[in-house]
Amino acid sequence: MSNGKPEPASGLAAAVLRVLSERVGQENAIRRAELVERVSDLLWADDQPATTDRAVRDSIADLRLQGWLIANLGTGYFLTNTRAEIEAFLAQERSRARQVEAGLRALERAAETQFAEWKQMGLKL
């Protein structure tokens, strides 16, 4: 990030941003399947392989790490244009992270019970 703004993207990331540039604000969100289709259309000729859903999601994750304010509040992906939108997205993702962490702790406790040697050796998952 330079001057508080994310760096320009290229390739797949640029295609994702090009589609999302038309989708500013939650009211303009685009469903993932349509996003993948539109990105694929930008990148490939008819005789080329389509862009995968996983590749687009990974690209979105990378763009977020670069500082792009891409959210999904259940209605599809969009570039946020208000503080309320990004705050709602952050709250949603923090809640999800807490749920994942709670699940990992439960699995770890179950594994320690099932595999006594983990507990004896002080190993963590």
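Tryptophan 44 is partly exposed, as its relative accessible area is 34% (buried means under 20%, exposed over 50% and partly exposed in between, with a 1.4 Å probe and protein chains only). The model is predicted; local features need pLDDT of at least 70 and side-chain atom pairs count only at pLDDT 80 or more, whereas totals for chains, interfaces and linings use all residues. Residues are numbered from 1 along each chain as its sequence is written, and side-chain values use heavy atoms, with hydrogens and water left out.

Tryptophan 44 lies in the loop between helix 2 and helix 3 (53-65). Together with Leu42 and Leu43, Trp44 makes a nonpolar surface patch of about 240 Å². Patches are made of residues with over 30% relative accessible area and no salt bridge, like charges being joined within 9 Å and nonpolar side chains (Val, Leu, Ile, Met, Phe, Trp, Tyr) within 5 Å. Accessible areas come from the Shrake-Rupley method with a 1.4 Å probe, and for residues only the protein chains shown count as cover.

The protein chain holds 5 helices and 2 strands, in the order α-α-α-β-β-α-α from the N terminus; helices (H or I, at least four residues) and strands (E, at least two) are DSSP runs numbered from the N terminus. Of the 125 residues in the protein chain, 26% are buried. The chain exposes about 8500 Å², of which carbon and sulfur atoms supply 52%. Among contacts (heavy atoms within 4.5 Å) between residues at least 6 apart in sequence, 46% join residues at least 24 apart.

Arginine 23 is placed in the loop between helix 1 (11-20) and helix 2 (32-43) and counts as buried because its relative accessibility is 18%. A polar atom of the arginine 23 side chain lies 3.2 Å from the backbone oxygen of asparagine 28, and the backbone oxygen of alanine 29 is 3.3 Å from a polar atom of that side chain. Leaving aside neighbours within four places in sequence, arginine 23 is in contact with residues including Glu34, Arg38, Tyr77, Phe78 and Leu79.

Glutamate 85, in helix 4 (residues 83-114), is buried yet has no salt bridge (a side-chain nitrogen of Lys or Arg within 4 Å of a carboxyl oxygen of Asp or Glu). The nearest side chain of opposite charge, arginine 64, is 12 Å away; Lys and Arg count as positive and Asp and Glu as negative, while His and the chain ends are not counted. With neighbours within four places in sequence left aside, glutamate 85 is in contact with Gly25, Gln26, Glu27, Leu73, Phe78, Leu79 and Thr80.

Methods: Polar contact = N/O pair within 3.5 Å; in protein donor to acceptor, adjacent residues only side chain to side chain.
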